[in-house]
Amino acid sequence: MTIDAAGREMSRGWSAGVIEGFYGPPWTKAERERLLDWMARFGLRTYLHAPKDDPHHRAVWRRPLPAGAVAELADLVAACASRGVDFVWAIHPGLDIRYSSADDLAALLARLEQVLAIGGRDFALLFDDVPGTLEPDDARAFGSLAAAQAHVANRVHAWLSGRDPAGRLLVCPTAYCTRMADAGLGGAGYLGDLGRLLDPAIDVLWTGPEIISREITVEHLRGVARLLGRPPVLWDNLFADDYDAGRFFVGPYAGRPAGVRDHVRGVLVNPNNELPLNFAPLHTLGRFTQAGAYFDPRAAYLEAIRDWLPAFTLLPCGAEPRPPVSADDLVLLGDCFYLPHEHGALARRLLDAAERALTRGGDDAEVRGTAARLVALTNRLADLEDRGLVHALARRLWALRDELTLLLLRLDAAAGRPRPDDDHLPGAFRGGFVADLRRLLPFDPGPSVASPRAFRPRPAILRPARRDDLAGCFRVCLETGDHGADGTPFYTDDPDALARIYVGPYLELEPDLAFVLEDEQGVCGYVLAALDSRSFYARYESEIRPRIAAAFPEPSGDPATWTRAQHVHRSYHHPDYHCPEPAATYPAHAHIDLVPRAQGRGYGGPMMRHVIDALARRGAPGVHLGVSSRNDRGLAFYARLGFTELERRGPPGDQTVYLGLRLVPAAPGELPS
Ligand code: GDL
């Protein structure tokens, strides 16, 4: 593992941190200092300097750094050192290097010499976004791009080691994600050859299955490590926004289970071009590095937003006092600019409601309320004290406000109240050549993105849960969250609400008693258990509940107006740890959920028997579980497995029936319970 609980580096790995590796204006000195302050605060301790559009990094890499640039870099090296952040200096020679040229190698080393002289120790050679083929003289000398790049990198590394044995070198390959490798970029066998030829002490950067990877799994990283002969250092573009001028990303570091940390030599994120918008992404990355076995991105996001709130202080302007920006406002806004492949829960809910209102008519009060609140918020945000933040947000908020205003006008028109003051004028609104091209080229991502895995029908298998099953199990919990039916429509404001108590704690505290059912589409069920309910609840109380209660405040106001998620949030604050009597006889408990496609196929019985066997093997004398008194099928199912009723709780007609099963024969003379 390369990142320990305090986010520090271990072995020769790289601690988590930031790559300034995007296209667009490089950050200024002041912005970098702010970044480093945040990094030190969040426990992120590597800064990789690789601004694509700094000419000294890429376009004119052969020329010696001018004195002004050296002085700026020296300040940056010192700024990193004063905050305990490792400075890594990158050069990007790949656009026109001749790999066999002694002059080009000398030019590279001369640059490194300049950076060593001002205190730099760690370096990166970047070959991303460069031609995947060789010029004829290099092809003759090396035969393959991999051999050519390995030659240069190994020479640089050997030279560096001679200067400072502790200095480290990172290389970014030309095929730096699975999609590029699969497309044959760099030639057949490029990555395998590079992994074989590169000195084992050189680390390799990798962006995941894609350039912008929605998910990076442990399984994926295992494959990459096999190919490269070493675990990669993630160059994570999750928050990069240089490729889309209309967006930015302030959602949480997500789609990477905590277990990923054990399969990389470092996690570096290449974030939003606009430095002020990186607070929450980096805050959550810090939490990811420090989390235990399970990381809850939404909770980390809510915490980051609360910490970010002071940056949203309004200027004291105007006669009327204006309401301050609240954490709820900021969550709503952040949900509209969440992650590349995912809207935040509130934005998704607004979109769903808008679609319903526009296509089916009916009650549009919720849409109007949320849209109007966002429009008012975008107006208020022009008056922040932090002008850098205003300027970073301005153009995207303008676009958001325009579209929301159009939405409100369309709803008015649908309700028979067309408004003459619509200023969405063709040519000005959504105009321009690029917009016309977009209209000409409707873009359908198609099945390869929507369902990347080819359909291979096979029966589901039951296997021990792994750390990276968390997201799949959370999905199962949601899809069975409405008394066994799909709860998705009822938990749009917080889809993870139920799983945070019914799944997360079991995977975290009782991983050996957690089993998942997996079919060709992924996790489709689970059975989870606790060996000793009282000690399980005690650990939940001390290790987990404080975390989730802090992230999700107790809802206030009339409970009749709460969403279902809010009722669940209340239970974070008022837990029910009931254990049916005789508790000593039935100390274990278990529960099972199967999504509809896995129901009625005979999986439930074997799954329950499996967990019962596991509990018995670990010495549990008995197990209990709760079933709704209205769930006749469930009651019959457990009766067939040998469970008997222990007690009932709750109002008549809607009771929880507690059932128990003895796992060891009663000792002679013991009274039957
Ligand atoms: C890339 C570039 C990076 C850019 C990012 C997002 C790598 C290794 N290189 O391909 O500079 O910011 O995509 O557009 O990711």
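A residue counts as buried when its relative accessible area is under 20%, and in this predicted model buried residues make up 51% of the 673 residues in the chain.

The chain is built with 23 helices and 15 strands. Its radius of gyration is 28 Å, which is close to the 26 Å that the globule rule gives for 673 residues, and therefore the chain is as compact as a globular protein of that length. Taken along the principal axes, the box that the C-alpha atoms fill comes to roughly 90 × 70 × 50 Å. When contacts with a separation of 6 or more are considered, residues 24 or more positions apart account for 75% of them.

One pair of helices can now be followed in detail. Two packed helices are described by the angle between their axes and by the distance between those axes. Helix 11, which covers residues 327-336, packs with helix 13, which covers residues 365-380, at an angle of about 100°, and their axes lie 11 Å apart. Because angles of 65 to 115 degrees count as roughly perpendicular, helix 11 is roughly perpendicular to helix 13. On the side of helix 11, the contact is made by D328, D329, L332, L333 and C336, while helix 13 contributes T370, R373, L374, L377 and R380. Sorted by class, this contact of helix 11 with helix 13 has 5 nonpolar, 1 polar and 4 charged residues.

Key. Residues are numbered from 1 along each chain as its sequence is written. This is a predicted model: local features need pLDDT of at least 70, side-chain atom pairs count only at pLDDT 80 or more; totals for chains, interfaces and linings use all residues. Side-chain values use heavy atoms; hydrogens and water are left out. Axes are lines fitted to C-alpha atoms, for helices over the stretch in contact, and angles run from 0 to 180 degrees between N-to-C directions. Helices (H or I, at least four residues) and strands (E, at least two) are DSSP runs, numbered from the N terminus. Angles under 35 degrees count as roughly parallel, over 145 as roughly antiparallel, 65 to 115 as roughly perpendicular and the rest as oblique. Contact means heavy atoms within 4.5 Å. Ala, Val, Leu, Ile, Met, Phe, Trp, Tyr, Cys and Pro count as nonpolar, Asp, Glu, Lys and Arg as charged, and the others, Gly among them, as polar. The radius of gyration is taken over C-alpha atoms; the globule rule is 2.2 Å times the number of residues to the power 0.38. Buried means under 20% relative accessible area, exposed over 50%, partly exposed in between (1.4 Å probe, protein chains only).
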